[in-house]
Amino acid sequence: DLQQETRGFETEAKQLLKLMIHSLYSNKEVFLRELISNASDAADKLRFEALSNADLLEDGSEPKVIVDFDKDAGTVIISDNGIGMSRDDVISNLGTIARSGTAQFLESLSGDQKKDSQLIGQFGVGFYSAFIVADKVEVLTRKAGSNTNEATLWTSTGESDYTLATSEKAERGTTITLHLREDCNEFADGFRLKQIVKKYADHIAIPVLMPKAPELDEEGNEKEAEKEFEPVNDAKALWTRPRTDVSEEEYQEFYKHIAHDFEKPLSWSHNKVEGKLEYTSLLYLPAKAPYDLWNRDGARGLKLYVQRVFIMDQAEQFLPLYLRFIKGVVDSNDISLNVSREILQKDPAVDSMRSALTKRALDMLSKLKSKDAEAYAGFWKEFGQVLKEGPGEDFSNREAIAKLLMFNSTHADSTGQDQSLEDYVTRMKPEQEKIYYLVAESEKAAKNSPHLEIFRKKGIEVLLLSDRIDDWLMSHLHEFDGKSLQDITRGELDLGKLDDTEEDKAEQEEREKALQPLLERVSKSLGDRIKETRISHRLTDSPACLALSEDDMGAQMRRIMEASGQ
Ligand code: ADP
Ligand code: MG
C-alpha cells in the first residue's frame with residue numbers, strides 16, 4: 001500500500017505559483033539559490049535537534065548538499081541529508097504556503113507585472129521557485145530518526161494539485177528532482193550549475209558538492225568511470241570569516257538567505273567581539289519594509305547561533321523593538337547550547353549583548369546617513385516611523401536616535417522629511433535658543449498653520465510634524481544638543497532674545513488696550529468651550545487661532561484617545 005493520494009494546492013499557493021513563474025522568468029536561476037538555502041536550513045535544524053537527541057544523526061554523516069544533473073534526462077537533482085520531512089510536514093510545508101502573509105501579499109498585487117515582480121522579491125518565494133524551470137518536481141524526503149520505509153514522495157506539475165505516496169529512502173533528508181521545462185535545458189549542465197552555485201551559494205556553511213568533470217580519453221570522449229563529487233564552496237559560516245575575506249556579493253547573498261529577501265540590503269555591519277563576552281554579529285539593514293512590520297507578532301529578531309550551531313530564528317532579545325527591522329546573525333560563545341527563549345530573557349550576557357548590538361545598529365544608521373544621503377532617505381521612508389518609537393523606548397540612546405531623525409521643515413529647501421536636527425541647529429539664528437516645532441494632522445495642515453506666521457515674519461525655521469506617532473515622539477524628546485524643543489502651538493510663546501524690541505512692545509500695548517472690548521465679547525460668546533481668550537502677537541495675517549495650553553494633550557493624541565472611546 002503506497003498510501004497514494006492527490007491533493008489540491010490551497011488557492012493562494014496556486015495563485016502564487018502562477019505569478020511567480022511569470023514574473024521571475026527573467027531571473028530563472030534563483031531556483032537553485034532557494035533550494036540550496038532550504039537544504040542549508042535543514043542541516044541547521046538537524047544539528048539543533050541532535051543536541052538533545054543524538055540518534056537523529058543516524059549514520060553520523062556530515063551535513064552536505066549535492067547538486068547533480070542528467071543531461072539526457074533533462075533533470076537537476078538537489079539532495080541534502082538534513083532534517084527531512086514527515087508526510088504531515090510535507091503537506092503543511094509544500095502544499096500550503098507557510099508564510100502567514102501570503103494572502104496579504106496577494107492582495108497587494110497590482111496586476112502590473114513589473115511592479116509585482118518587485119513585490120515578489122520582498123516576500124521571497126522559496127521552494128515554489130522550482131517551478132520556474134521545471135514542469136514536474138519530485139520531492140523524496142525522510143525525516144531524521146524515522147524508518148527507511150517511512151519516506152514520502154511528493155510530485156507535482158505545479159498546476160493545481162500534487163500527489164503523495166509513501167516510499168523508501170535509505171539516507172535521511174530530502175532529494176528534489178527537477179524535470180526541466182524544454183526551454184530550460186541549459187540548467188542540466190555542470191558548468192552552468194557550478195557558476196550559479198558560486199554566484200548565489202558560496203556563503204553556505206555546509207559543503208555543496210557537484211560531480212567532477214569526467215576525464216576525457218585521447219579522442220575527446222568521456223571516460224567510463226564512477227561519478228565523483230567535489231565541494232564547490234568554502235563551506236565556512238560566513239560570519240566566522242574575517243571581514244576582508246568576504247566580498248560585497250557574498251554579504252548580499254548571505255543576507256538574502258537569512259532574511260528570505262530577494263532584494264539587496266542597504267547596509268551591514270560585521271563585528272567580532274572579544275573580551276569578557278565573546279560573540280560575532282552581522283547586522284543588516286533591509287532596503288524594503290516587510291509586510292508585517294506593523295504586526296504585533298510579525299517576524300523580528302536575529303538568527304541565534306551558539307558556537308556555530310544554529311539555535312533559533314527570530315531571537316528578539318538582542319535588539320529593542322524600535323530596531324525590529326534589523327536582520328542578521330549573532331553567534332555567541334557564552335550562551336548555553338540548550339538555551340530557550342525564556343532563559344534568554346533572563347540571561348545577563350544577553351542584556352549586555354543587546355546594548356552593544358543596539359549601539360552597533362544605531363552606528364550603522366549614522367554611518368549610512370553621513371555616507372549616502374540618498375540611501376538614508378530610502379531607509380527613512382521605509383522605517384523612519386519605527387525609529388521614531390526609539391526616544392520613548394530607549395532612554396540611554398536618546399541623543400543618538402535624535403540625530404537620526406528626519407523632519408519636514410519650513411526651511412526653504414525642505415521637501416518632505418529630509419532635515420535632521422543637526423541641519424536645523426546649523427541654521428539657527430545667533431540669538432535663537434530653542435528648536436521650534438509644530439505637530440499637525442497632515443503635512444498640508446502643518447504648512448498652513450497660522451501659528452507659523454510670526455516665525456515666517458521673523459525668518460525662524462520651524463520643524464513640521466504630522467505622523468501619527470509624532471505627538472508621542474515629541475513627548476519624549478525634550479532637548480537636542482543642549483537646546484530645548486518648543487512646541488509653537490503651546491501656551492505663551494516665548495521667543496527669548498528673538499522677541500520684539502521695547503518699541504514693538506509699546507505699540508503692542510496700545511493695541512491691546514484698544515482690543516480689550518473685543519476680547520471680552522469673544523470670551524462671552526465662546527463661554528466655557530475655551531479656557532481663555534488672549535491677545536496674541538503671533539499672527540500676522542490670520543485674525544485668530546486656537547492654541548493649546550502648556551499641559552494639554554496634543555491634538556493628535558486627543559484624536560487617538562477619542563477614537564479609542566476615551
Ligand atoms: P522558507 O524557506 O522561507 O520557510 P520555502 O518555500 O523555501 O520557505 O520552504 C518551505 C518549507 O518547506 C520550509 O520552511 C521547510 O519547512 C520545508 N522545506 C523545504 N525544503 C526543505 C528541505 N530540503 N528539507 C527539509 N525541509 C524543507
Ligand atoms: Mg526557503
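**Close-up views of a predicted model**

In α1, the buried residues are Ala-13, Leu-16, Leu-17, Leu-19, Met-20 and Ser-23. This is a predicted model, and the legends below walk through it view by view.

**View 1. Helix α1 and its buried residues.** Helix α1 covers residues 11–23. Look for Leu-16, Leu-17, Leu-19 and Met-20, which are among the buried residues here. An α-helix has 3.6 residues a turn, so residues three or four places apart point the same way. How far apart are the end C-alpha atoms of α1? They sit 18 Å apart, and because 13 residues at 1.5 Å a residue should span 18 Å, the helix agrees with expectation.

**View 2. The shell around ligand 1.** Zoom in on ligand 1 and you'll find 18 residues around it. Which of them come nearest? Those are Asn-38, Ala-42, Asn-93, Gly-126 and Phe-127. Two helices, α2 (30–52) and α3 (87–95), each supply at least two residues of this shell. The largest share comes from α2, with five residues.

**View 3. An open sheet of five strands.** The strand order in this open sheet is β10-β11-β14-β12-β13, and the pairing is mixed. Which strands sit at the edges? They are β10 (267–273) and β13 (309–315), each of which pairs on one side only. On average, and ignoring direction, neighbouring strands of the sheet are turned by 15 degrees against each other.

**View 4. The β12 and β14 pair, with α8 across the sheet.** Here we go further into the sheet. Strand β12 (residues 302–306) pairs with strand β14 (residues 327–332) in the parallel sense, over four bridges. Pick out Val-306, which stands opposite Ser-332 in β14. Helix α8 (residues 248–259) lies across β10, β11 (279–285), β12 and β14. How does α8 run relative to β14? The angle between α8 and β14 is about 90 degrees.

**View 5. Helix α10 and what it packs against.** With 24 residues, helix α10 (residues 348–371) reaches 35 Å from its first C-alpha to its last. That is close to the 34 Å expected at 1.5 Å a residue. Its buried residues are Val-350, Met-353, Leu-357, Thr-358, Arg-360, Ala-361 and Leu-365. What do the buried residues of α10 pack against? Their partners are the strands β10, β11 and β14, plus the helices α9 (341–346) and α13 (398–404).

**View 6. Two loop residues with positive phi.** Most residues other than glycine have a negative phi. Gln-307 has a positive phi, near 45 degrees, and is not a glycine. You'll find Gln-307 in the loop between β12 and β13. Is Gln-307 buried or exposed? Gln-307 counts as exposed, because it has 12 C-beta neighbours inside 10 Å. Asp-481, also not a glycine, has a positive phi of about 55 degrees. The loop that holds Asp-481 runs between β19 (479–480) and β20 (483–487). With 13 C-beta neighbours inside 10 Å, Asp-481 counts as partly exposed.

**View 7. The whole protein, for context.** Zooming back out, the protein has 19 helices and 20 strands. Of its 566 residues, 34% are buried. Among contacts with a separation of 6 or more, 71% join residues 24 or more positions apart.

Methods: Residues are numbered from 1 along each chain as its sequence is written. Chains are lettered from A and ligands numbered from 1 in the order in which they are written. This is a predicted model: local features need pLDDT of at least 70, side-chain atom pairs count only at pLDDT 80 or more; totals for chains, interfaces and linings use all residues. A residue is near a molecule or strand if its C-beta atom, placed from the backbone, lies within 6 Å of it. The expected span of a helix is 1.5 Å times one less than its number of residues. A residue is buried if 20 or more other C-beta atoms lie within 10 Å of its own, exposed if 12 or fewer, and partly exposed in between; C-beta atoms are placed from the backbone. Two residues are in contact if their C-beta atoms, placed from the backbone, lie within 7 Å. Two strands pair if DSSP finds at least two bridges between them. Axes are lines fitted to C-alpha atoms, for helices over the stretch in contact, and angles run from 0 to 180 degrees between N-to-C directions.
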